[in-house]
Amino acid sequence: MKLNEFEQYLNTLLKPEIIKDYCPNGLQIAGTNTVNKVVTGVTATQALIERAIEEKADALIVHHGYFWKNESYVIKGMKHKRIKALLLNDINLFGYHLPLDIHPELGNNAQLAKLFGIDITGPLETGNPQSVSLQGRLNAPTNGEDFARLISEKLERKCLHIAPNIDKPIYTVAWCSGGGQNFIELAAELGIDAFISGEISEQTTHVAREMNIHYFAAGHHATERYGAKALAEKIATDLSLDATFIDIDNPA
């Protein structure tokens, strides 16, 4: 498949133009003009690039790419080594950050809903169809201990559960993959029973306890694996290309 056709397919599918982001979304580093083999992953680390080289990939698609706002423009050290490896091996690098969080089918948040048995009822930010955080209802009510166990089993990573000061069952849930912990206050204000994100901040514990909402910190990487995996499966189905998701372990 020609590179420009593949790029158009991805941009049509993920619609990066509909949301303001902290990095460029789409083709970040150009390589070969023909795409036959695709690798997807969470972050464009040296380890993932080396795996893409081993797989003889023509395109690498990640959630965390390069050229973030407020980072240095200088290409040296780790950044130089990564980019040099891509260029020397003629590998195209695509990065889709928030577009791969919010996609209604392939997005990290949509995929988490499937994993945890949550029926999506809408965006957490009322009136914002591009809300990075979602809300929904569980297929069946549960308690904090059992829900923490479910999250840990599904993500294969032990999650941290901060329980509210009052014992309460969980019927409704809001969530945001990765570093979405600051949405917890909005979830609590809306009367939602539990909130899930990847990361936790010092103040998140106090919000959970004082605003009486269950909080689950499930891991930044762990909550953002599933969009890239779903994207590889979608590419293979739609385009009949060889597309593989490769997970580089990260305990964070």
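View 1. Contact means heavy atoms within 4.5 Å; helices (H or I, at least four residues) and strands (E, at least two) are DSSP runs, numbered from the N terminus. The model is predicted: local features need pLDDT of at least 70 and side-chain atom pairs 80 or more, while totals for chains, interfaces and linings use all residues. Residues are numbered from 1 along each chain as its sequence is written, and side-chain values use heavy atoms, with hydrogens and water left out.

**View 2. The buried face of helix H2.** Within H2 (residues 46-54), Gln 46, Leu 48, Ile 49 and Ala 52 are buried (under 20% relative accessible area, 1.4 Å probe, protein chains only). Down the axis of H2, these residues fall within an arc of 160 degrees, so they line one face of the helix. The arc is taken from the directions between the helix axis and the C-beta atoms. Lys 56, which follows H2, has a positive phi, near 60 degrees.

**View 3. The pair Phe 6 and Phe 94.** This is one of five aromatic pairs in the structure (Phe, Tyr or Trp rings, the six-membered one for Trp, with centres within 6.5 Å; planes under 30 degrees apart are stacked, over 60 edge-to-face, the rest tilted). The ring centres of Phe 6 and Phe 94 lie 5.6 Å apart with planes at 85 degrees, so the pair is edge-to-face. Phe 6 belongs to helix H1 (residues 3-14) and Phe 94 to strand E4 (residues 92-95), 88 residues apart. Both Phe 6 and Phe 94 are buried.

Technical notes:
Buried means under 20% relative accessible area, exposed over 50%, partly exposed in between (1.4 Å probe, protein chains only).
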